[in-house]
Each structure stands twice: as C-alpha cells, then as structure tokens.
Amino acid sequence: MPHDTALPATGHRPRWWTELPLIAVVYCLYSVGRLLVRGDVSTAVDNGLAILRLEQALHLNAEHPLNRLFTSTPSLGIPADFAYASLHYVVTPAVLVWMFRRRSAVYRAARVWLMNSTLLGLVGFTLMPTCPPRLLDASHGFVDTMAQYSAYGWWGEGASAPRGLSGMTNQYAAMPSLHVGWSLWCGILLWRHARHPLLRAAGVAYPLITTIIVMGTANHYFLDAVAGAAVMAAGALLTRPVMRLADRVKGRLRAAWAVARTASGPAESPIVSAGCKTSAGERIPGQRTSSADSPDAAADGAADPVGADRAGTAANDDAPAAAR
C-alpha cells in the first residue's frame with residue numbers, strides 16, 4: 001500500500017464490547033441502505049450496457065472468456081460459485097478479528113478504512129444502479145453460473161442470497177464491486193501485517209482470485225472491479241481525517257459529560273479529616289508537636305525546675321537585643 005495510505009497506529013487497545021456493536025450497526029445500515037436505494041430496472045440495464053460498450057471501446061473483454069470457461073467446466077464453476085457466495089462474508093470478518101487480536105495498534109485504522117470504503121460503495125450503488133452481466137439479455141453472451149449450478153449450493157437465481165430470499169438483496173448493486181474491494185482490503189492487511197509467508201501469499205492471491213471469480217460467474221464487469229479498488233483507495237485516504245474528526249467529537253463529548261457531572265452534585269471535600277475532630281491533647285498520627293506542647297517536656301520541666309529555668313534563660317540570651 002502506498003505510504004500516504006499507511007495505517008496510523010493508535011495508542012489504546014480496542015475493546016470488543018464497543019467494537020462489536022459498532023460494526024453490527026454499520027453493517028446493518030449498509031445492508032438496509034443497499035435495499036432502499038434500488039434503482040429502476042431500465043436505468044440499471046442501461047448503465048450495464050454502457051459499461052459493456054466502454055469496455056469494448058477499450059478492448060477489455062475478460063468477462064466473456066472467463067464466463068464461458070466457468071459455464072463449460074463444472075469443476076471450476078461450482079467452486080467459484082461457492083467462493084462468491086461465502087468468502088465475502090467469511091474472510092473479511094476473519095481478517096477483522098485477526099487484526100483486533102494480533103495487531104491492535106492498527107486495528108482501529110483498518111476498521112475505519114473498511115467502513116469508509118463500504119459507505120462510499122453505498123453511494124456508488126445509489127448514484128449508479130447497474131445490471132450485472134448475468135441479468136442482461138442472453139443475446140449479450142453471458143450465462144448466470146450461480147443459476148446453472150444452484151442445485152449444488154444454497155443459492156438460487158438471486159446471486160449469493162439463499163434460495164427463496166432473492167428479494168432480500170439488491171441485485172443491481174454491481175458498481176462498484178465490494179467483493180473485489182473487501183478482498184483487496186483483506187489482501188493488503190495480510191501482506192503488510194502477517195508474518196507467515198503463506199499468509200502473505202494468500203494476501204496477494206485472494207484479491208486476484210476474487211476478481212477472476214466475479215467476472216467468471218458474470219456477477220461483475222471488469223470495470224466494476226476497478227471501481228471497487230478505487231473505492232478502497234479513497235477510503236484509505238479518508239482514514240486519517242475521519243479518525244481525527246472522531247477524536248475531536250469524542251473529546252468534546254467527554255468534556256461536556258465532565259461539566260454535566262460537576263454541575264449535578266457538590267464537589268467532594270478536600271479536607272483530609274473529613275469533618276472529624278480531635279480531643280484536647282490528642283494529635284493526628286505523624287503530626288509534629290512543639291517541645292512546649294509535648295506532655296513529656298512538661299513533665300520533665302515539672303520534675304527539674306532548675307533545668308527548665310536554665311532553658312528559659314538561654315532562650316532569653318539568644319533573643320535579639322531589641323526584644324529584651
């Protein structure tokens with residue numbers, strides 16, 4: 001990852017009982033928002049065809065050969081469908097938990113990065129609803145491999161949604177591809193923070209394999225994948241500003257809470273004795289007493305009046321002349 005998007009370290013260890021509800025709330029907001037921003041089908045189809053024409057103009061056509069390969073080869077198509085329907089929801093939380101437990105210094109920045117990018121993806125779904133290749137007319141040459149191999153998994157014709165629940169997902173949220181974006185987030189974190197060579201290699205392979213899978217299953221165009229990577233880059237650039245803003249807001253809330261607590265009740269008394277009184281002749285432990293107040297000194301003076309008189313004479317002799 002470039003230097004300017006490196007994750008800043010934080011000085012405190014995150015707590016799971018605050019992190020888990022926060023992540024759950026953000027993901028629920030994302031899921032609900034994804035359903036609420038469904039565009040009309042005709043606009044989504046027009047956007048999908050526009051992307052297809054742009055790719056043809058740029059001589060980009062990775063989707064058709066990959067889709068034909070997955071359609072004609074069940075040994076590739078079925079595992080690809082399983083990967084598309086599950087890894088997106090398994091690997092990302094697993095990496096997040098791993099960062100929480102093993103790399104707590106940079107966990108908060110990684111979480112903010114993921115949330116930034118996810119919300120930016122939601123903006124993309126809102127502004128540009130896009131029909132994926134698998135939902136285009138068959139004349140465009142794409143086959144929905146997940147529908148073709150649905151008998152082998154839990155999904156039906158609604159992409160990765162469980163069979164019969166296709167209405168619970170927005171099938172026109174294809175631009176940008178967060179399958180690619182989240183896999184890139186996982187890959188960068190594994191490459192930067194994993195120590196084992198296999199984990200670092202997985203960090204390189206995972207986003208590349210995901211990009212191939214989303215095109216081969218006809219769920220995304222190549223430019224969807226590019227947009228997913230761009231969204232993750234933008235989310236990384238926003239990480240530091242968002243963290244600084246969150247810290248300022250948190251500091252103001254704490255200050256307001258402290259003022260409210262102070263105003264709600266009297267301050268505690270700074271007196272150590274807390275209102276306790278000592279009787280005559282009693283002293284607090286550790287308190288120094290003058291020789292005149294010491295009962296031992298008084299007793300000695302009574303027993304030896306001559307010595308006491310000599311002490312008084314010496315004290316008078318030591319006093320300044322003006323005081324005599």
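In the predicted model, T92, L96, M99, F100 and R102 of α4 meet S104, V106, Y107, A110, R111 and L114 of α5, where contact means heavy atoms within 4.5 Å and helices are DSSP runs (H or I, at least four residues) numbered from the N terminus. By class, this contact of α4 with α5 holds seven nonpolar, two polar and two charged residues. Here Ala, Val, Leu, Ile, Met, Phe, Trp, Tyr, Cys and Pro count as nonpolar, Asp, Glu, Lys and Arg as charged, and the others, Gly among them, as polar. Two packed helices are described by the angle between their axes and the distance between the axes. Helix α4 (residues 74-102) and α5 pack at about 150 degrees, with axes 7 Å apart; α4 is therefore roughly antiparallel to α5. The axes are lines fitted to C-alpha atoms, for helices over the stretch in contact, and the angles run from 0 to 180 degrees between N-to-C directions. Angles under 35 degrees count as roughly parallel, over 145 as roughly antiparallel, 65 to 115 as roughly perpendicular and the rest as oblique.

The model is predicted, so local features need pLDDT of at least 70 and side-chain atom pairs count only at pLDDT 80 or more, while totals for chains, interfaces and linings use all residues. Residues are numbered from 1 along each chain as its sequence is written, and side-chain values use heavy atoms, with hydrogens and water left out.

From α5, the contact takes in V106, A110, W113, L114, S117, T118, G121 and F125, and from α7 it takes in L178, W182, W185, I188, L189 and H193. These residues divide into ten nonpolar, four polar and no charged. The 24 residues of α5 reach 35 Å from first C-alpha to last, close to the 34 Å expected at 1.5 Å a residue; the expected span is 1.5 Å times one less than the number of residues. Helix α5 is mostly covered, with 18 of its 24 residues buried, buried meaning under 20% relative accessible area, exposed over 50% and partly exposed in between (1.4 Å probe, protein chains only).

Helix α2 (residues 41-57) has 17 residues and spans 24 Å between its first and last C-alpha, close to the expected 24 Å. Its buried residues are A44, N47, G48, L49, I51, L52 and E55, and they pack against α3 (63-72) and α9 (222-237). With α9, helix α2 makes an angle of about 95 degrees at an axis distance of 9 Å, which makes α2 roughly perpendicular to α9. I51, L54 and E55 in α2 meet F222, L223 and D224 in α9. This contact of α2 with α9 has four nonpolar, no polar and two charged residues.

The loop between α5 and α6 contains C131, which counts as buried at 1% relative accessibility. C131 and L49 are 82 residues apart in sequence, yet 8.1 Å apart in space, C-alpha to C-alpha. Apart from neighbours within four places in sequence, C131 is in contact with A44, V45, G48, L136, Y172 and Y221.

Some backbone features in the loops also deserve a look. Most residues other than glycine have a negative phi, and most peptide bonds are trans. H59, in the loop between α2 and α3, has a positive phi of about 60 degrees although it is not a glycine, and H59 counts as exposed at 74% relative accessibility. In the loop between α8 (197-216) and α9, A218 has a phi near 65 degrees, a positive value in a residue other than glycine. A218 is buried, with a relative accessible area of 0%. The peptide bond from M175 to P176 is cis, with omega near 0 degrees, and P176 lies in the loop between α6 (145-148) and α7.

Over the whole protein, the secondary structure comes to twelve helices and zero strands. Of the 324 residues, 38% are buried. Among contacts with a separation of 6 or more, 82% join residues 24 or more positions apart.

Note on methods:
Helix = DSSP H or I, 4+ residues; strand = E, 2+ residues; numbered from the N terminus.
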